[in-house]
Amino acid sequence: MGTTGGGDFWRTDDAGTSWDNMTDGQIGAGSIGAVAVSVSDPNVMYVGTGSACTRGNVSPGVGVYKSTDQGKTWSFTGLKSAGQIGKIIIHPTNPDLVYVAALGNIFGPNNERGLFRSSDGGKNWEKTLYVSDSTGVIDLAMNLQNPRIIYAAAWRAERKPWTMIDGGKEGGIYRSSDGGVSWKKLEDGLPSGLLGRIALAVSPANPQRVWALIQAAEEESGGIYRSEDGGDSWTRINRDHRHRQRGWYYTHLTADPQDENTLYSSNTRFYKSVDGGENFEKIETPHGDNHGVWINPDNTRIMINCNDGGANVTLNGGKTWSTQLNQPTSEFYRVTVDNQFPYRLYAGQQDNTTISVPSQELPAVSETEHWEAVGGGESADVAVHPTDPDIVYAGTYSGEITYLNRKTGQLLQMTAYPHYTEGTEQRDLKYRWQWNYPLFVSIHNPVELYMGSNVVHRSTDHGQTWEIISPDLTLALDKYHDIPGGPIQHDATGVEVYSSIFALEESPHNPGEIWAGSDDGLVHLTRDGGKT
């Protein structure tokens, strides 16, 4: 498995019971977007860096790496500026013939995006499909019975601190019939105009059957399309919105290796169709937010599902799955420690709970015995009382805060100002709390709790009531305060809330001295507790 954070590339040889890191110190990025293992020579494998599921907390890539000894050692093999790599395909009988889908620099235009082809094992690369410096390739699919036939999906995607640009008029599906040397854009039956992310799948059992999950600006034209003639013509067979939620983040299709009527779709949930994609049923997985599945071509009951919690192996078609608690790949936003001895560490884990672990190994029946959730949510900044480590505050998006007394078990949820941020124009928010806004308890006066939105909030009663002690400490640029996202889909979960206080700290030496830093570039200082 390749992870979006936490150690890059991992291998299990016991069906997910344990995982070993194969790339520590060998890869110059914190994120893997694509993994490919050669079928004809399993010693050869490639990984593409940079996650192409472009959340606001996206980690950029630094190119492609290759191993020729089953992942023991790795070497850089090119495409340093390809940004986010969404897919790698290796020719089924020639491990030196490799195709890379490069979405490109997620933060701005660049030319190293599109479809790249190497015929010498990654020593040299040629760009054979290039749409523009703003539109890259997000997905690939190959006809395994005739590997000269390849399909590529082009997508315009770009991240700004305040928004996600999702889609454009240059997107679409391309097909090559000569091994990726030349390409033709497919149109018959497919939507045109503003297109978003596209997923592709070719049935290994019947390569004339091709599927595409298409995000489109017009709701009536998006959905799952199927071709029965290798892509010459298409028909929309499914418009179920479950497969199009947050399309820029999901949009994944996988065809069953043996049955041309079985298709999988990965989204917030994991879905299976047995009628060629017209209807789907849900398969439960250990974690939500699914991004793909690998299916054993010899025994299709053996699968590996990947999701925002990690990777899980099933040996019985999805009835049961291996655990995720054996993968130390959590993504932490901030780390806090308390003042007891031995001390504990606290953090919010992306798409999981907050977590607290001891700094020293303690006797335990299981590895997780001393793990604790401490309230809040995935994006939490955690603040611990400086003299009473049983009192813990934790944030989560939209300005929510919890108060936890570990000794009594009391847990209270509160916020300085109740509001609903999802689907809301930022200019309509009274306070702009970023996804992982800062929070701390004063070491000089532990009854004081501080947090930052676009202003500094202070509470002296465990967060029950709040006062504002600063003016707006941001540039407050209205032009950036629409509903984030577009033109295909918006995303307003708090990640793109902009013109907010992103860093907030007090001086350990001087009471009343507080520093505030905004995500739009300002630093403010008070030395009188917020009066000036």
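Asp-351 is buried, with a relative accessible area of 17% (buried means under 20% relative accessible area, exposed over 50%, partly exposed in between, with a 1.4 Å probe and protein chains only). This is a predicted model, where local features need pLDDT of at least 70, side-chain atom pairs count only at pLDDT 80 or more, and totals for chains, interfaces and linings use all residues. Residues are numbered from 1 along each chain as its sequence is written, and side-chain values use heavy atoms, with hydrogens and water left out.

**Positive phi**
- Most residues other than glycine have a negative phi, and most peptide bonds are trans.
- Asp-351 has a positive phi, near 60°, and lies in the loop between S28 and strand S29 (354-358); strands (E, at least two residues) are DSSP runs numbered from the N terminus.
- His-462 also has a positive phi near 60°; at 40% relative accessibility, His-462 is partly exposed.

**Cis peptide bonds**
- The bond from Phe-341 to Pro-342 is cis, with omega near -5°, and Pro-342 sits in the loop between strand S27 (332-337) and strand S28 (344-349).
- The bond from Gly-486 to Pro-487 is cis too, with omega near 5°.

**Nonpolar core**
- The largest nonpolar core has 29 residues (a set of buried Ala, Val, Leu, Ile, Met, Phe, Trp, Tyr and Cys residues joined through side-chain atoms within 4.5 Å).
- Leu-200 is one of the residues that touch the most other members of this core.
- Contacts of Leu-200 (heavy atoms within 4.5 Å), not counting residues up to four places away in sequence, include Tyr-151, Ile-173 and Leu-253.

Technical notes: Helix = DSSP H or I, 4+ residues; strand = E, 2+ residues; numbered from the N terminus.
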